[in-house]
Amino acid sequence: MKIFQILPVLAFGDAVGNDTRALKDALLDAGYQTEIYAAVIDERLPEGTAQPFDMMEKVEEDDIIIYHLSTGHELNQKLKSLGGRKIILYHNITPEKYFQKYNHGAYLNCRNGLREARELAPVAEFAIADSEYNKQDLIRYGYTCDIKVLPILIPFEDYEKKPNQKVINKYGDDGYVNILFTGRVVPNKKQEDIIDAFYYYKKFINPKSRLILVGSYAGIDRYHEQLEVYVKALDLEDVLFTGQIKFDEILAYYKVADVFLCMSEHEGFCVPLLEAMCFDVPVIARDTSAIAGTLGGSGVLLPDNDPMVAAEMINRIVTDEKLRETIIRNQRIRLRDFDNRVVKESFLEIIREFIGKRD
């Protein structure tokens, strides 16, 4: 028996790619024969990390396929004709409406992906969702198989690497309050709502403040351009769009952040929330989609996107040391639930149970 992980794109540094690679390591450590196959493999990954899907060996009847579902792709259709027993690992697909005005290709990928996710329901013998929110998606899509919730494996050891000192020197000790958000600059993450909150905070509460928006806007340039125009229309200074940057720079921005503000409207998990927790950055986040589930009672949840409420909450956290310490303490407690040893053992238990059903 072999266990194959299959996905359309194995990218360097993204949540799905990191999860896939970590699960492979867990399977190898447990003594299973396993390999990753992908239609596209990021050339920055170490040689041997994965194999091209076109070179995939024959799948035997007792082999297991773990299929990472996160977008529309021709592999979603090809999966149906492969042999073996199939587990769908669902990472969420963003509703296509967010991309309709900005990127037709992304719009089609999401639209097709959501349709294909429904079509794969009869194919799945078992399913894994990386949040309760994603599990409910699968149920709505018609999945009647058993579905287990398993968090994404977070590479916490990577966050202990050395941050970029130039960034720390520039932004770390100049008396400014640094408000941070990390994540692709895409419409579902609602960076405009973060800008609105920052506007009220800077104009009416603390002029000595800075907004740092870390993330690539490649392929969604029109949305980024609209955000830049909006910032200028507000006559708002100290808004930094970093674009795609190196990992050590990302670490540095977490190091200098005073608050992490997330106003996203749609998230299937939202790894940056946990990244902020790792750096003891208090999290403020709008209560949408999977956000509350990921925070698990930690951080601060906002009921809506009211910019004045968000701005006042930033001020409270920055000025109330006792509140800040309480938030950080609760975030540290929540992080324990994502300990890699715990998540890996939960994953291996799922695999053992799945194998046992056939035996």
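Reader: Why is Lys190 called buried?

Author: In this predicted model, Lys190 has a relative accessibility of 18%. Buried means under 20%, so Lys190 counts as buried. The residue lies in the loop between strand E8 (177-182) and helix H6 (191-204), and its phi is positive, about 55 degrees, although it is not a glycine.

Reader: Why is Asp235 called exposed?

Author: The relative accessible area of Asp235 is 57%. Exposed means over 50%, so Asp235 is exposed. Asp235 also has a positive phi, near 55 degrees, and is found in the loop between helix H7 (221-233) and strand E10 (239-243).

Reader: How many aromatic pairs does the structure hold, and what makes the pair of Tyr102 and Tyr223 edge-to-face?

Author: There are 15 aromatic pairs. In the pair of Tyr102 and Tyr223, the ring centres are 5.4 Å apart and the planes stand at 70 degrees. Centres within 6.5 Å make a pair, and planes over 60 degrees apart count as edge-to-face, so this pair is edge-to-face. Tyr102 lies in the loop between strand E5 (85-90) and helix H3 (104-119) and Tyr223 in helix H7, so the pair ties together parts 121 residues apart in sequence.

Reader: Why is the pair of Tyr171 and Tyr253 called tilted?

Author: Their planes are at 35 degrees, with the ring centres 6.0 Å apart. Stacked needs under 30 degrees and edge-to-face over 60, so the pair is tilted. Tyr171 lies in helix H5 (residues 165-171) and Tyr253 in helix H8 (residues 247-256).

How values were computed
Residues are numbered from 1 along each chain as its sequence is written. This is a predicted model: local features need pLDDT of at least 70, side-chain atom pairs count only at pLDDT 80 or more; totals for chains, interfaces and linings use all residues. Side-chain values use heavy atoms; hydrogens and water are left out. Helices (H or I, at least four residues) and strands (E, at least two) are DSSP runs, numbered from the N terminus. Buried means under 20% relative accessible area, exposed over 50%, partly exposed in between (1.4 Å probe, protein chains only).
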